[in-house]
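This briefing walks through one protein structure, topic by topic, for a reader who is new to such models. Please keep the sequence and the 3D view open while reading.

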Amino acid sequence: MTSLGIKAKVALATSLTSILMVALVTVLQTHRLQDDFSKVLFAQQTALINRTAEELDDKLLMLRDIIAQSAKQQPPELAGSPERLRAYYRDRAVLALFDDILILSPEGRIIADLPEQAGRVGINASDRAYFKTVLHTRMPVISEPIIGRAQGQPIVQMVAPVLNARGEVVCVLIGVLRLYKDNLLGHLRNAKVGRTGYYFALTREANPRYVLHPDAKRLLQPRQPYANPATTRALEQGFEGTIDGINGSGQRTLNSYKALRAVDWVLAASLPAQEAFEPFHGAVERLLWWSGLAALLAALLIGWLTMHLLAPLVRLRDAIVALRAAPAGYTPLPVATDDEVGQLTSAFNALMQERLAADARLQNLVEYAPNAILVVDGSGRIETMNREAERCFVYARAEILGRPLTMLVPPRQHELFDGMQQRFFSQGVGAVPVQIGREQVLYGLRRDGSEFPLEINLSAVRTDQGVKMLAMIADITERHRLQQDVEARAVELERERDRAEAANRAKSDFVANMSHEIRTPMNAVLGMVYLLGNTPLTPQQRKYLNMVRESGQSLLGILNDVLDFSKIEARHMELSPVDFALDEVVNALATLMTLNSGEKALELAIRVDPAIPRQLHGDALRLQQILVNLVGNAIKFTEQGEVAVNIELIAADARQILLRFEVRDSGMGMTEAQLTQLFNAFTQGDQSITRRFGGTGLGLAISKRLIELMGGEIAVASVPGQGSRFWFSLAFGVASSAAEERRHPVPGPLSVLVGVEHDSSRAILLELLRGYGWQVDEAATDAAARQCYARRLGAGQHYDLLLLDWHLQGEDGRSTVQALRAQAGASALPLVLLAHPRPGPRPRAMKMPWCWSNPLRRPICTTRSSMRWPPMANMASASAPRPASPAVWPACTSCWWKIICSTRWWRAASSNMRAPRWTWWAMAARPSSACGPMPQPTT
């Protein structure tokens, strides 16, 4: 038997191969199609459950936010009146969104409901988990589904606390929704996934319950522990997405899961797998039939075409083999036919022509490149160069090709170029250009012997003849000249800068010396003014003398600022760290605050962190200067309100502490434009000619320089019309000090009512008094003070001391005192009034027959060692009076009142029972003259 010819073999092999390949591809594509279909199906199911869960989350969060906003907007004072609560919510849109509105008291009992249902008010819900959570977190929550006690139906509740101004829960607002209404879960109970699939939802409790299920018997019933493993995984491990599994009935299903954000539930959808893959199985069956038929037809067609086309292809192969043997004599191959073989021949001819054209373009790019290009072989000889290289080196191409590269380099750099060439070929530089000679300037040598600076970038070109070095050379003569000019100019500018700095230092030295020379006679002038003031003068003369003294002191302050600023500018300012007591700095600052505030209606407050050690090591004088500047500015630009100083401990160790100082006021504030130039010398926020406030504009500039000199940094925040806030942090050493002095005991424990209008002063007083272990109530208005006093009397108790602001918000001092006296009746009313130097009547001017006052002529700052309490019996016991003695304070609380009228600042010592430090006047009052004359108060 004769063997088959090459055409028959190729045709048979091609046909069988095509049949096998079609069958293999069909099988693989079937599996691939199944995988793709599964992915699409899973993605669709996951997208469906995600979209449904998102819609459900949006509903729940919207309802929760509505309840939270309603609770936030509810006036806290309505919590005590069920009728007012019903009237308030009856007209609110929130009633239309919920089935019921409930309001719970802080104890957990229902105090009001809408719509009203008999027997619901008074139900105790304090055992509910959502109620405990709201009381603990003060945040709105969504409860787990429960059976409502009033209706006996499954409900879900949106719960939010109603807070008062102090952040306390005054009542709890609850919006009740029936769980299976259409606006919540009702529409999902009957919704279908596919034809027979369904939705269900479970809680993620220790024993999960069905929140949603088409079988009504399972609603709010526990789930079986060993049901669908996929559901167990979603509940316990937080799985989200779609998974193929077996349900509790043994049926293969596609289950999709998504955890809700609003509540701790898992929403799921279940679809039978047979129903899900039904379209795919039909498509696969049809695909197999059509694939088999197509494979058979393709095999027959391919066999016939192969036999028909093989002969021209062989002829083309022979022509290509001949071309490979003689590539230099390339001529286009003849095209015999216009079939695929002919097109292949035409494509080959076109490819060869394009290659020749590309080689020509590349040669042109190299030839006309703006930089000089050289190609050097491994022995260092030049193989190729372009026209720019001929121009740079003034050599003809025939004179360069085949010559060593060193002929283009000055003799003094031959060794450098030889080493560079050896490193290039030994290290194997890649195709990315690498610049060489950065550490020194490289030069090229022209044909006429002249040199020029150049820049060289090298890259490797790999060819069939080995690695070549491609050098791209740029003439940098102009750039090199400009660089030399820039360096020379930089040296000249440095000399000019040094001369300018020397002139500036000379100016600063001159200003500092002149300020010192002017200050000496100015001190003499002020001294003579002081001596003259102690001589008999007429009122007119004393007025003029005071004007001279004030002008001289103002000028002396300006000279001091100029002298300090000049020292800082001349770098002559040096710190003088010493051991000092922070109490003394604060007391001096308090005195200056009192004097500078004049008759302004200001509340001045100073608070010092009690954890700060008593003795520190640092420059106390500069610290006081900084604080005086900041506080002086705050008082100057604040007409009414408050100016507060706060000193806090930021960090501490055995040898050093970090303190944060803050000065806050409620004055006019500053704009962004003013803040940008705030710390510039000789500038102020108001630069107009008729500006209201004086000064040189050096205070803040000096403070900033001093803070930086002491290792700190100052910052500022301000809002126009709302005030400003300055703060900075400084480090101080901890000085060794003697043991704490033993503090004198104070009367107590006492119950005190503090009624102060300003928050800062009230907070400091509360901290101070509670530090003594006293029980303290607070009030910010006249009405609140009366209510506190009435509640105290209603409970059958009395306050041992009432500490009230003379200008308490809502009334003046007379009205408040008279109202409290009327409430007290025959009971004792030990009272302390805090009078502020603001416009309006003073206690002395009110001419109250039962009030005696004796304001001190200057502020008295008490320290830990000097603070003494008047000797007295237990002030809390008014039932055991003692006879009064003219040498001591009366012991009977019903016969004397002590009134402390503040000069607008308080400093709390803290809650660690250290003695307080205040500035005060003393006033005393009594309701009758039965106890004899009042003694003078001790300080």
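Arg92 lies over the face of Tyr88, at 3.9 Å from the ring centre; a charge counts as sitting over a ring if NZ of Lys or CZ of Arg is within 6 Å of the ring centre and within 35 degrees of the ring normal. This is a predicted model, in which local features need pLDDT of at least 70 and side-chain atom pairs count only at pLDDT 80 or more, while totals for chains, interfaces and linings use all residues. Residues are numbered from 1 along each chain as its sequence is written, and side-chain values use heavy atoms, with hydrogens and water left out.

**The chain as a whole**

- The protein chain holds 21 helices and 32 strands, where helices (H or I, at least four residues) and strands (E, at least two) are DSSP runs numbered from the N terminus.
- Of the 939 residues in the protein chain, 42% are buried; buried means under 20% relative accessible area, exposed means over 50%, and partly exposed covers what lies in between, with a 1.4 Å probe and protein chains only.
- Among contacts in the protein chain between residues at least 6 apart in sequence, 64% join residues at least 24 apart, a contact being heavy atoms within 4.5 Å.

**Nonpolar cores**

- The largest nonpolar core has 53 residues, and those with the most contacts inside it are Tyr89, Ile103, Met158 and Leu185; such a core is a set of buried Ala, Val, Leu, Ile, Met, Phe, Trp, Tyr and Cys residues joined through side-chain atoms within 4.5 Å.
- Helix α1 (residues 6–73) gives the largest share of this core, namely nine residues.
- Leaving aside residues up to four places away in sequence, Leu185 touches Leu56, Leu179, Tyr180, Val211, Leu212 and Trp265.
- Another core, which lies apart from the largest one, has 45 residues, among them Val585, Leu659, Phe661 and Phe728.

**Aromatic rings**

- The structure holds eight aromatic pairs; rings of Phe, Tyr and Trp (its six-membered ring) pair if their centres lie within 6.5 Å, and planes under 30 degrees apart count as stacked, over 60 as edge-to-face and the rest as tilted.
- The pair of Tyr198 and Phe200 is tilted, because the ring centres are 6.1 Å apart and the planes stand at 50°.
- Within this pair, Tyr198 counts as partly exposed at 25% relative accessibility, whereas Phe200 is buried, with a relative accessible area of 8%.
- Tyr789 and Tyr799 form a stacked pair, with 6.2 Å from centre to centre and 25° between the planes.
- Because Tyr789 lies in helix α20 (residues 782–794) and Tyr799 in the loop between α20 and β28 (801–805), the pair ties together parts that are 10 residues apart in sequence.
- Both Tyr789 and Tyr799 are buried, and Arg792 lies over the face of Tyr799, at 4.9 Å from the ring centre.
- Phe580, Phe661, Phe728 and Phe732 are linked into a cluster by ring pairs.

- Glu662 is found in strand β23 (residues 656–665), and Glu662 is buried, with a relative accessible area of 10%.
- The side chains of Glu662 and Arg660 are joined by a polar contact of 2.8 Å; a polar contact is a pair of N or O atoms within 3.5 Å, where, within protein, one must be able to donate a hydrogen and the other to accept it, and residues adjacent in sequence count only if both atoms are side-chain atoms.
- Lys39 lies in helix α1 and counts as exposed at 61% relative accessibility.
- Although Lys39 and Thr242 are 203 residues apart along the chain, their C-alpha atoms are separated by 9.7 Å.

**Helix α19**

- The 13 residues of helix α19 (residues 759–771) should span 18 Å at 1.5 Å a residue, and the end C-alpha atoms are 18 Å apart, which agrees; the expected span is 1.5 Å times one less than the number of residues.

**Backbone details**

- Most residues other than glycine have a negative phi, and most peptide bonds are trans.
- The peptide bond from Leu114 to Pro115 is cis, with omega near -15°, and Pro115 has its place in the loop between β2 (110–114) and α4 (129–137).
- Arg138, which is not a glycine, has a positive phi of about 60° and lies in the loop between α4 and β3 (141–142).
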